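Me: I have a structure open and some questions about it. Can we go through them one at a time?
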Amino acid sequence: MVKNKKDPLCEIIKVRRTLQGKFAKDKTNINTPTIYHYTSPEGVLGILTTHKLWLSEITYMNDESEITYTFDLLKNILNENSDNISQSFREAIEKRVKKRTQLPLNLFDYVNRDSIFVACFSTKNDELSLWNYYTKTGSMAGYNIGFKVDKLVEKVKSELKVMYHFIYGKTICDKYKQEGYIKEAIEEYNLLYQKMPTTEDKKNVLKSFWGLIHIFSLFFKKEAFKNENEYRFVITEYTDILQKRNRAFQINNRIQNGLIIPYIELDFDKDSVSEITISPTIKQIYYKAGVESLLHQNEYHQTQVKMSEIPLRY
């Protein structure tokens with residue numbers, strides 16, 4: 001009697017779904033139905049009049065460490081737990097980590113790598129550190145736009161084509177939790193790697209492992225950023241369709257501090273905007289009147305205007 005053997009690919013998919021599902025549940029679990037996009041006066045004007053959000057290429061995010069942070073964590077965990085990991089699996093990971101934690105030569109090669117675009121929000125509607133960022137350049141006021149997260153997610157999904165990958169959720173800044181996710185992934189994939197009967201199956205295990213680590217890297221940030229309570233949308237355009245014309249999003253470019261930064265635009269429905277909050281400022285009544293006028297002109301009939309509750313001392 002022939003025994004039923006488990007399909008290696010099915011085993012790999014099962015492990016990936018389990019680990020990724022646990023992570024997805026954690027990063028999308030927030031206590032508010034609204035996420036807040038902090039921006040400048042020019043930003044709020046542009047967003048509300050065009051009904052579009054900009055998602056910038058991830059290479060140009062303010063936190064430069066995002067490129068390597070998760071892979072540095074992975075490297076340290078490998079060093080601390082080397083005795084519990086099979087040599088061949090560890091060596092395969094270390095080889096990839098070494099390349100990833102150095103500035104890759106093809107980091108800015110948009111022909112040969114996927115393009116990843118990010119829009120940043122916060123789950124906090126009145127966060128002083130974020131207000132400070134948007135008023136430090138001389139602006140008297142900053143703003144945040146409160147979006148109904150479910151409506152915004154639904155809108156993105158309705159516009160995407162199959163060649164795009166859309167993930168969203170809060171960033172995780174708790175290092176203990178980050179290490180827990182990486183350690184569990186190493187443990188599960190190490191066992192899987194040792195069970196695989198062929199070289200090709202082992203390659204598939206590594207490919208799946210790196211896919212999961214890549215997702216972690218999009219949402220892991222240093223603890224110094226925890227006060228931002230960041231929530232982000234990430235859209236990936238895969239390399240093999242970059243040259244095709246049937247893309248869902250046109251890649252545009254903008255200038256910031258002398259840099260040319262690629263970005264894509266995301267349409268949103270007016271009823272997804274629930275509120276606008278204005279930063280701590282003097283003469284609040286004038287700022288509020290200006291925003292209310294802007295909302296009226298652009299037919300945001302259900303959007304409330306709020307003022308920061310943080311007091312000013314001058």
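Me: Which residues of helix 1 are buried?
Reply: In helix 1 the buried residues are P8, E11, I12, V15, L19, F23, D26 and K27. Buried means under 20% relative accessible area, exposed over 50%, and partly exposed in between, with a 1.4 Å probe and protein chains only. Helices (H or I, at least four residues) and strands (E, at least two) are DSSP runs, numbered from the N terminus.
Me: Where do they sit around the axis?
Reply: They are on the same side of helix 1, because they cover an arc of only 135° around the axis. The arc is taken from the directions from the helix axis to the C-beta atoms.
Me: And which exposed residues are on the face turned away?
Reply: That face of helix 1 carries K14, R17 and K25.
Me: What should I know about the model itself?
Reply: This is a predicted model, where local features need pLDDT of at least 70 and side-chain atom pairs count only at pLDDT 80 or more, while totals for chains, interfaces and linings use all residues. Residues are numbered from 1 along each chain as its sequence is written, and side-chain values use heavy atoms, with hydrogens and water left out.
Me: New topic. Where is S272?
Reply: S272 lies in the loop between strand 8 (259-267) and strand 9 (273-278).
Me: Buried or exposed?
Reply: S272 counts as buried, because its relative accessibility is 2%.
Me: What does S272 touch?
Reply: Leaving out residues up to four places away in sequence, S272 touches G146, F147, K148, K151 and L152. Contact means heavy atoms within 4.5 Å.
Me: And I186, what does that touch?
Reply: With residues up to four places away in sequence not counted, I186 touches L74, I77, L78, I85, F89 and F209.
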